[in-house]
Every structure is written in structure tokens, then in C-alpha cells.
Amino acid sequence: VINKFNICYDPSSKCIVFPVRDKYGRLKFLTRRSIEGKEFYIDRGSDKSDIYALDKVLAEKDHRTVYVTESQINCLTLWTWGYKAIALFGAGTTKDQMDTLNSTDILHYVLCYDPDPAGQKGESRFKSMINKHAFVDVVHLPKGKDVNDLTKDEFNVLLGEKCCII
């Protein structure tokens, strides 16, 4: 996953660096996450329509089902477990991001937002703005847990309880 997504470490900022590409694979900007805290940094030039890992999803032969997260870490955790995922840079899904997703042929979204008020609001916004031809399921994560706080087995139990994967 590290190689697939070209993730690296920047010792000067003590951050993990995540390249963000548009849906065609062109580099748009970089995001960083501090290894000393949970702070995320987004480079100038970021675009409200950008979606982390959408280029990788669309490059896959079968991308009918896509998992949606708020952060790159949660997205990459899902990729590690074999699930195609994207990250929206927080729960505040933008109209531009939804326009980008609505221009794809993705049929099924599984929302894996953080279990907090912002995540709930983001889920509602996503569901109200996605094309009507797409199916949307929600994985309800345990309170205080993100995807990356779970084991693959714990996540799979939640999938079995909460949604119907096609």
C-alpha cells in the first residue's frame, strides 16, 4: 500500500506525506500527517473537488463498490484489508467532490465516517447529494473509534451487521 500510493516520510516536518492526485492520476498537491500528533496539513493549491485515492479506485477493473472515509489513514487501512476506498478530507463533503463522484460509474458507496456529529452530518450530506442511481450503505463504527482503530475482523463483523455489499 505504501508503494501503491507513493507514501513517504518527511524528516524535516516529522510528517507522513500523502500525494493527492485527480481522478486521472495527475499530482495535485500533498497532504501531511504529523507523527507526533493527529494534525493533518494540506498544501496550498488544494482543490475542494479533490478526492484521495479516487484515481486508484477508478484504475481497478472492478470498482462497483467503494468505501468512503474522512481521512487518508482510514482509507489506506481499508486498502490494506482489500477494500477499495477513498477519503474526502473530513466529513464536510463538498458539492465539487460530489460532482466528481457523480461523474464516475461507481454504483455502490459504503460510508465509514467517524462516529461523531460531524460524521453524521457528512453522511446525510453525502446521501442527499449522490446520484439517485447509486446505492449507499453506512457502517456504524463504535463510539470513539475510527476505521484504523479496528481490526479487519472487527470491521468485517460491522459490515455483516450493517450493510449489503454487492
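Where in the chain is the place of phenylalanine 89? Phenylalanine 89 lies in the loop between E6 and H3, where helices (H or I, at least four residues) and strands (E, at least two) are DSSP runs numbered from the N terminus. The model is a predicted one, in which local features need pLDDT of at least 70 and side-chain atom pairs count only at pLDDT 80 or more, while totals for chains, interfaces and linings use all residues. Residues are numbered from 1 along each chain as its sequence is written, and side-chain values use heavy atoms, with hydrogens and water left out.

The phi of phenylalanine 89 is near 60°, a positive value in a residue other than glycine. Most residues other than glycine have a negative phi. With a relative accessibility of 25%, phenylalanine 89 counts as partly exposed, a class that falls between buried (under 20% relative accessible area) and exposed (over 50%), computed with a 1.4 Å probe on protein chains only. Lysine 14, in the loop between strand E1 (8–10) and E2, likewise has a positive phi, near 55°, and is partly exposed at 39% relative accessible area.

Phenylalanine 89 is also among the residues in contact (heavy atoms within 4.5 Å) with tyrosine 52, once neighbours within four places in sequence are left aside; the others include Phe5, Phe18, Cys75, Leu76 and Ile86. Tyr52 in turn belongs to the largest nonpolar core, a set of 44 residues in which Tyr52, Tyr109, Phe126 and Phe155 touch the most other members; such a core consists of buried Ala, Val, Leu, Ile, Met, Phe, Trp, Tyr and Cys residues joined through side-chain atoms within 4.5 Å. Among the elements that give two or more residues to this core are strand E2 (15–21), helix H2 (72–80), strand E6 (85–87) and helix H3 (95–102), and H2 gives the most, with 5 residues.

Helix H2 is largely enclosed by the rest of the structure, because 8 of its 9 residues are buried. Just after H2, glycine 82 takes a positive phi of about 95°.

The cysteines complete the picture. By the rule that a disulfide is a pair of cysteine sulfur atoms within 2.5 Å, the count comes to 0 disulfides. Cysteine 15 is in no disulfide, and the nearest cysteine sulfur, that of cysteine 8, is 11 Å away. Cysteine 15 counts as buried, at 2% relative accessibility, and cysteine 112 counts as buried at 0%.
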